[in-house]
Structures are given as C-alpha cells and as structure tokens.
Amino acid sequence: MRVLLIGANGYIGRFVADRLLADPAVQLTALGRGDDADVRFDLATGSPGALTRFLDAVHPGVVINCAGAIRGGARDLTRHNTVAVATVCEALRRSGCGARLVQIGCSAEYGPSQPGSSTAEDAVPRPGGPYGVSKLAATELVLGSGLDAVVLRVFSPAGPGTPAGSPLGRLAEAMRRAMQSGDGELKLGGLGVQRDFVDVRDVARAVHAASLSAAQGVINIGSGRAVRLRDAAAVLARVAGYGGALHELDAPPGPLRGAIGHPRSDSDHAAPVAYPYPDGCGSWQQADVRTARDRLGWRPRINLEESLADIWMEAACRI
C-alpha cells in the first residue's frame, strides 16, 4: 500500500510515520515544508494543480493529512488549516489516483460541552475560537468533497513529544523548575479544567486503522474519560518524585493565556461557555469513542500515567 503522509514532522505526524514505517506492507512517502521531507511542498501556498501532478506520479492508495497550525492569528490559521485542506481535496478530485483521504481533525471543532457529558460525532459543532473554526471548516470541506474520506477528531493528545506550550507541557516544565530550584511548593493556575487526554501513540494506531478501513465521516479519537488538570498534576508529581505541595492560584479576571490549563468557574455546573478558555473548549471535554471501537476496531491502550511519565522524562532531560 502506497501512503502519502502530509505533515510527517509535526507532533502527531511523527508518530504516524513511525507506525506506518513499522508496517512492511506500507510504502511511505512524506510530503512537507521541511528539508527532511521526501518531497517539499507547502499546502498553504502551493497550487492544487502542482499537487495533482505529484499524486498522479506517485499514485498513492491513501493520503494522510497531519499538517496544520495550532497557533497564530485567524488569517494564518485559515491558511494552514482550511486553505491547505481545500488544496488537498481539489488535488485528489483532479487526480486519477483514487486515493482515500484520512484527515486529522480536533476536538476544538466541537467547542464547549456540558460538564459530565460525552461528546459524540453527531453533536452540533460550536467552536469557541479561530483555531476550532479553521479546523471545522476543513472538516466540512473534506465531508463535502465527494472523496473516500474520514476525519479523525482527536481530543487532547499527550505523551512523548508533547509541545512545551501545551497545558501538560507547561505543567511538566513548571515542576522541573521547582525541583531544580528546591522549591517546596508549586503554585499553578487553571487546574480546574477537564480534558480527554489520549496518548499520541494511540492516535497513530487510530490513523493506521483508519487508512486500512472503509469508514467514512467523522470519528472521535480520545480516551473516553475527562481528567481534571489538578489530578494530572498530582500524577505527574508522583511520577517525577516531587514531594512539594501543589497550590492552585485564584483565577484573575479575564483570559488566562499564560496559565497551566484554564480557570474553573461556577459555569462548570451551569451552561457551558467558551470564555475565558483560550482553546475555545470551555471547562469540560470528554469523547464518546464508541464509533472508533465499532468502525475501526480501535481502543486506547496507553494510560495517562504512562503518557505523563514520558512527558516528564523529556522535561527532566532539559538543561
């Protein structure tokens, strides 16, 4: 099976590439903006025609798109998350390769959820920020393309390679600094937020399964369990051997853009709201993962403690 992987150098893309390279039946070609890609191509600026010519030459059976941006203004997010996907869809429509498309979406497309609920694929998306809007627009382009395509809505990926700017990455870095300086207490903000963390290696397994399946539409990829960041911090402290006290800072007014996670408020027990959560997902997200089980034969295997142990191992090695 010939697979074209777009975005192989990204957080999820690296693990998808490793998973595919371990399959002897897969012939992998990586397309991206970096020098180490097999083929250099920028989806945000490249033309559908140029990509079509490449598809016709390589003739992949599956195209996996892990590329995209998670930070930046609305214009950059639209260019890298929406226009780029439009280019992929148009190139596949023009090409004679007939490839299946596996698009990586994200839980930010759903926006806030009612605390205590599990979000299924038929939930009405209400993204609470430009990132979620740009990813939702990409999903709609894929679903309306007429292609053989599936969108995997990934919830909160964790594990090795977790970006330092993510909530868990910032949490590990704060703990590393506290241990390095001998601080007996660690003060953190926004630990009341609850997210559905799924190990990035399990995400890669789901992508592999989706590339081999005939499933179409949207499929959630998560653990099926929301975890409060405060509880994740306690597990990380145990894994790291940090014996100090963890204190949650009172939430100041306005957005907490520099906090670990985002502040809990009375809205945790009322109607879900997006503000002041910069990811636009409110105080709670939890995936309903029954579709992934039924249509992909996929279940998460790696628990959060193992994911956090890997995050800590990388953080502890930083100088």
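**Sheets, helices, cores and salt bridges in a predicted model**

Valine 3 stands opposite leucine 28, a residue of strand 2, in a model that is predicted rather than determined by experiment. Local features are described where pLDDT is at least 70, and side-chain atom pairs count only at pLDDT 80 or more, whereas totals for chains, interfaces and linings use all residues. Residues are numbered from 1 along each chain as its sequence is written, and side-chain values use heavy atoms, with hydrogens and water left out. Helices (H or I, at least four residues) and strands (E, at least two) are DSSP runs numbered from the N terminus, and two strands are taken to pair if DSSP finds at least two bridges between them.

Strand 1 (residues 2-6) pairs with strand 2 (residues 27-32) in the parallel sense, over five bridges, and isoleucine 6 stands opposite leucine 31 of strand 2. Five of the six residues of strand 2 are buried, so this strand is largely enclosed by the rest of the structure; here buried means under 20% relative accessible area, exposed means over 50%, and partly exposed lies in between (1.4 Å probe, protein chains only). Both strands belong to an open sheet of seven strands, in the order 3-2-1-4-5-6-10 and with parallel pairing. Strand 3 (39-40) and strand 10 (217-221) stand at the edges with a single partner strand each, so one side of each has no neighbour in the sheet.

Helix 2 (residues 48-58) lies across strand 1, strand 2, strand 3 and strand 4 (62-65), and runs at about 165 degrees to strand 2. Helix 6 (residues 200-212) also packs on the sheet, where it touches strand 4, strand 5 (100-106), strand 6 (149-154) and strand 10, its direction making about 150 degrees with that of strand 5. For these descriptions, contact means heavy atoms within 4.5 Å, while axes are lines fitted to C-alpha atoms, for helices over the stretch in contact, with angles from 0 to 180 degrees between N-to-C directions.

A further open sheet is formed by three strands in the order 7-9-11, with mixed pairing. Its edge strands are strand 7 (156-158) and strand 11, each of which pairs on one side only, and neighbouring strands are turned against each other by 55 degrees on average, direction ignored. Strand 7 and strand 9 pair in the parallel sense over three bridges, with phenylalanine 197 in strand 9 as the bridge partner of serine 156.

Helix 7 (residues 229-240) lies across strand 9 and strand 11 and runs at about 70 degrees to strand 11. Its buried residues, among them Leu229, Val235 and Leu236, pack against helix 5 (167-181), strand 9 (194-199), strand 11 (226-228), strand 12 (245-249) and helix 9 (304-316). Just after helix 7, glycine 241 takes a positive phi of about 75 degrees.

A nonpolar core is a set of buried Ala, Val, Leu, Ile, Met, Phe, Trp, Tyr and Cys residues joined through side-chain atoms within 4.5 Å. The largest such core has 33 residues, of which Ile12, Val16, Ile64, Leu152 and Ile221 touch the most other members. Apart from its neighbours within four places in sequence, isoleucine 12 is in contact with Cys66, Ile104, Val154, Val200 and Val203. A second, separate core of 29 residues includes Ile6, Phe41, Leu55 and Tyr110.

The structure holds 16 salt bridges, each defined as a side-chain nitrogen of Lys or Arg within 4 Å of a carboxyl oxygen of Asp or Glu. In one of them, aspartate 148 is joined to arginine 100, with the closest N and O atoms 2.7 Å apart. Aspartate 148 lies in the loop between helix 4 (130-143) and strand 6, and arginine 100 in strand 5, so the pair ties together parts that are 48 residues apart in sequence. Aspartate 148 is partly exposed, with a relative accessible area of 33%, whereas arginine 100 is buried, at 4%.

Arginine 176 forms a salt bridge with glutamate 173, the closest N and O atoms again being 2.7 Å apart; these residues are three places apart in helix 5, and therefore separated by about one helical turn. Both arginine 176 and glutamate 173 are buried. Glutamate 305 and arginine 238 meet through their side chains in a salt bridge (3.4 Å, N to O). Because glutamate 305 lies in helix 9 and arginine 238 in helix 7, this pair ties together parts that are 67 residues apart in sequence. Glutamate 305 is partly exposed, with a relative accessible area of 38%. Elsewhere, salt bridges that share partners join Glu90, Arg93 and Arg94 into one network.
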